[in-house]
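Hi everyone, thanks for making time. Have a look at it first.

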Amino acid sequence: MRLDRYLANAGVGTRQEVKKLIRKGLVMVNDTLVTLADTAIDLDKDHVYVGDQEIIYEEYVYVLLHKPEGYLSATEDRHDKTVMELIEGYEHRELHIVGRLDKDTTGFLLLTDDGQFTHHLTSPKHHIGKRYRVTLNSTFALNDLEKLMKPISMDGELTLPSEASMLEEKVVLLTIYEGKHHQVKRMFERIGYEVTQLHREAIGEIELGSLMKGEYRPLTKEEVKKLKNVS
Ligand code: URA
C-alpha cells in the first residue's frame, strides 16, 4: 500500500495533508526517513512513524456503541439526531450500522466499515442471537413464554424459534436469531402486549457490559473473531 494512503486511512490527515508531512521529512518507515508519498508499505512487516508516534493501520474498524433513546440508527438524517453524532475519531472511515435499532430502543449497536462482516452478521443464514431486555405495559403471563419461543408467521415466512425467560413481572429476556423490522415489538403485539422499553444487551457472545449510554469502544480482535465465526 502507498505510504500516503496508509497514513490517510489511519486518520493522520487527508491525502493532501499527509503528502505535505511526508515531503517535510516527518515520516519514517522502520528506521528510514522517507520523502516520497508513493513509498510502498508492506502491511505485514513495516512500521510507520510520524515524529516519534507509530501509526497503526487497521483495515477495518468495529465500534460498539451503547445507543441512547432518541437517536436514529442511520448515518444521516435531515430531521433527527443520528448515532453518528455520538461517535468521534472515525470521520475518516465510512462507517455503517450493523443491524439497526428503533429510535426509542437502547443498547448494543455495532458500526463498522467492513461490508462482509455486516453481511455475515445480518444474513438470516447465520443464526446469531440478539438478546433483548423487554419491558411491557402489563404483567407477563408465564404461560405466554411458550408462544413467544415458537416460530410465528411474519412477513410471509416463519420466524426461527427464539429463547425467552421472565425476569420480573413486566420484564422478559428474549433472544431472537434474525432481525426482521420491529421484530421484537411485533412478537409481543401478537400475544397481546405492548413493549414500553426495549434494550439490546448482547449479540452472539458479545455483551454490552458496563458501557454507559452514549459511550462506545472498539471491539477487541477476539470479539471480532467470535462474531465472524458464528455460523
Ligand atoms: N425489534 C424491535 O422491535 N425493535 C428494535 O429496535 C429491535 C428489535
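Let's start with V184: a polar backbone atom of V184 sits 3.1 Å from a nitrogen atom of the ligand. Before I go on, please keep in mind that this is a predicted model, so every distance I quote is computed from that model.

How much of the ligand does the protein bury? On its own the ligand exposes 240 Å², and 95% of that is buried by the protein.

A polar backbone atom of H182 is 3.2 Å from an oxygen atom of the ligand. For K185, a backbone N or O atom lies 3.1 Å from a ligand oxygen.

Now the whole shell. Around the ligand you'll find L101, D102, T105, Y132, H182, Q183, V184, K185 and L198. By type, that shell splits into 4 nonpolar, 3 polar and 2 charged residues. Which element gives the most to it? That is helix α5, residues 183-190, with 3 residues.

Let's zoom out to the whole chain. Its secondary structure consists of 6 helices and 15 strands. The chain is more spread out than a compact globule, because its radius of gyration is 22 Å, well over the 17 Å that the globule rule gives for 231 residues. In terms of overall dimensions, the C-alpha atoms fill a box of roughly 70 × 35 × 30 Å along the principal axes.

What about the inside and the outside? Of the 231 residues, 44% count as buried. The accessible surface is about 13,200 Å², and carbon and sulfur atoms hold 48% of it. As for contacts with a separation of 6 or more, 62% of them join residues 24 or more positions apart.

One last stop, for those of you who like single residues: S162. You'll find S162 in the loop between β10 (157-158) and β11 (163-168). Is S162 buried or exposed? S162 counts as buried, because its relative accessibility is 6% and the cut-off for buried is under 20%.

Leaving aside residues up to four places away in sequence, S162 touches L148, M149, L174, T175, I176 and M187.

Note on methods
Residues numbered from 1 in each chain as written. Predicted model: local features only at pLDDT ≥ 70, side-chain atom pairs only at ≥ 80, totals over all residues. Heavy atoms only, no water. Near = heavy atom within 4 Å. Polar contact = N/O pair within 3.5 Å; in protein donor to acceptor, adjacent residues only side chain to side chain. Areas by Shrake-Rupley, 256 points an atom, 1.4 Å probe, with all protein chains shown as cover. Helix = DSSP H or I, 4+ residues; strand = E, 2+ residues; numbered from the N terminus. Nonpolar A, V, L, I, M, F, W, Y, C, P; charged D, E, K, R; others polar. Rg over C-alpha atoms; globule rule 2.2 N^0.38 Å. Buried < 20%, exposed > 50% of the residue type's maximum accessible area, 1.4 Å probe, protein only. Contact = heavy atoms within 4.5 Å.
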